[in-house]
Amino acid sequence: MTNLKKEITFFYTDNIEKLTTQNIANEANKRGYKVIQTNNLKEKAEIGFYCSHKPNPRKAKFSCIMLHDLGQRHDTWPHFWKHEPWSAFDLGFIPGNIWGNMFLDHPKTNKKVMPKKGLYQVGWPKSDIIFNNQEFQSQIEALKKQYDLSNKKTILYAPSWENNEKQTEFIDSFIKEDGFNLLIKQADWPEQYPTIIKNIEVMEKKYQNTKNIITMDRRLSIMLALGLADIIVSDESSVLVEALLFGIPSIGVEDWLIPDTSPPRFSCIPFDFVYKTKKKDLNASVKQLLEKGHFINYKGKKIPFQEYINQWFSNKGTSSKLIMDILEKTINKQEIFTGENLCTTLNTKSPSFSWHQLLPKKLVPPKK
């Protein structure tokens, strides 16, 4: 490799970020790289791979950046890169056309904050395991038997934040009925968030012996939870987007509070495919979607579900391989035939995207 050791370091700040790049790390290992995974963002690296908010790659000789969250900083859309610039990195990777259009539609701003050598639509490497992977399917079948999920529809509750007893509100919406399995998958929060971890632990203890309520290990991949579900309920988490990969409908509860501001704000759900509802209507909304489905409206017209999925995700199942191909060819200064470098086409006309139609109406938290 030109001027670089065959060594790559994957940086993360929590287990979710580690899982986001794990399949890339596996692919790098197959190719003979020495793979290092660390939460010390100040560590030196030959090739540094980052996916956290605004990391500094100055200790890496060559650096790559990607999202850790498909809805990352959705409160800033479509001006994501203005708030989280990637100009300090050599290569950047995004999931598909939705993010690509966000980048191309704002050339004046993004030209100043784009990666140095290229930005590519490569898909979502975290999801590679669900395609053509017999081990993944075997895990799903084993969990179905372990949780006894047969003969009932499974509703997955996977919030971004656990606060204000949202889990209790979710369970209370369905607990009096016997027709559903209620599957709980909380995020694996780092120790820097003791209040959220405590909230999750309280919920786990409260419902540990309750019929039809299954609490998954927080350390497991969200992909396994989605593989078990018939429908997902969340506040504003990016799992609402990942649910598209499994073809299951998603519901966002608009009046659930998010405690990342003071006072807490309401959920922000700028996704056109997510069915929005209120807490009091959750039961009816879930039943409606399970019975009738939820049509996708994209740019003002209905489109087939698979076509819409392809707008979010390119290279399904091969994303990690493509990322490593681009990385190696860029470092070795080889011509790349694997996809369009969005940095070189930033000033060309790109498809128009009606972002204002996706943004939810402003909600004001209730007065205490």
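**Ground rules**

I note that this is a predicted model, in which local features need pLDDT of at least 70 and side-chain atom pairs count only at pLDDT 80 or more, while totals for chains, interfaces and linings use all residues. Residues are numbered from 1 along each chain as its sequence is written, and side-chain values use heavy atoms, with hydrogens and water left out.

**Sheet**

I looked up the strands (DSSP runs of E, at least two residues; helices are runs of H or I, at least four; both are numbered from the N terminus). I found an open sheet of 6 strands in the order 2-1-3-4-5-6, with parallel pairing (two strands pair if DSSP finds at least two bridges between them). Strand 2 (34–38) and strand 6 (118–121) are at the edges with a single partner strand each, so one side of each has no neighbour in the sheet. From one strand to the next the twist averages 20 degrees.

I then went through some pairings. Strand 3 (residues 45–50) and strand 4 (residues 60–66) run parallel and are joined by 5 bridges; here tyrosine 50 stands opposite isoleucine 65. Strand 4 is joined to strand 5 by 3 bridges, also in parallel, and methionine 66 has phenylalanine 93 as its bridge partner in strand 5. Strand 5 and strand 6 pair in the parallel sense over 4 bridges, with phenylalanine 93 opposite tyrosine 120.

Which residues of strand 5 point one way, and which the other? Leu91 and Phe93 point one way from strand 5 (residues 91–94), Gly92 and Ile94 the other way, and all are buried (under 20% relative accessible area; exposed is over 50%, partly exposed in between, with a 1.4 Å probe and protein chains only).

**Helices**

I checked what helix 1 (residues 15–30) lies across: strand 1 (7–11), strand 2, strand 3 and strand 4.

Helix 3 (residues 97–104) packs with helix 11 (residues 305–312) at about 50 degrees, the axes being 5 Å apart. The two helices are therefore oblique to each other (under 35 degrees counts as roughly parallel, over 145 as roughly antiparallel, 65 to 115 as roughly perpendicular, the rest as oblique). Their contact (heavy atoms within 4.5 Å) is made by Asn97, Ile98 and Trp99 of helix 3 and by Asn310, Gln311 and Trp312 of helix 11.

In helix 10 (residues 282–292) I listed the buried residues as Leu282, Asn283, Ser285, Val286 and Leu289. They pack against strand 7 (153–157), helix 6 (166–172), strand 10 (231–234), strand 11 and strand 14 (275–277). Just after helix 10, glycine 293 has a positive phi of about 80 degrees.

**Glutamate 242**

Is glutamate 242 buried or exposed? Glutamate 242 counts as buried, at 1% relative accessibility, and is found in helix 9 (residues 239–242). Leaving aside neighbours within four places in sequence, I found glutamate 242 in contact with Leu70, Trp124, Lys126, Ile222, Met223, Leu226 and Phe313.

**Aromatic pairs**

I counted 25 aromatic pairs (rings of Phe, Tyr and Trp, its six-membered ring, with centres within 6.5 Å; planes under 30 degrees apart are stacked, over 60 edge-to-face, the rest tilted). Phenylalanine 10 and phenylalanine 49 are stacked, at 5.4 Å centre to centre and 25 degrees between the planes. This pair links strand 1 with strand 3, 39 residues apart, and both residues are buried.

**Backbone**

I found a cis peptide bond between tryptophan 77 and proline 78, with omega about 0 degrees; proline 78 is in the loop between strand 4 and helix 2 (80–83). The bond from serine 262 to proline 263 is cis too, with omega near 0 degrees.

Lysine 54 is not a glycine but has a positive phi of about 50 degrees. Lysine 54 sits in the loop between strand 3 and strand 4 and counts as exposed at 56% relative accessibility. Asparagine 212 also has a positive phi, near 70 degrees, but counts as buried at 19% relative accessibility.

Conventions:
Axes fitted to C-alpha atoms, helices over the stretch in contact; angles between N-to-C directions.
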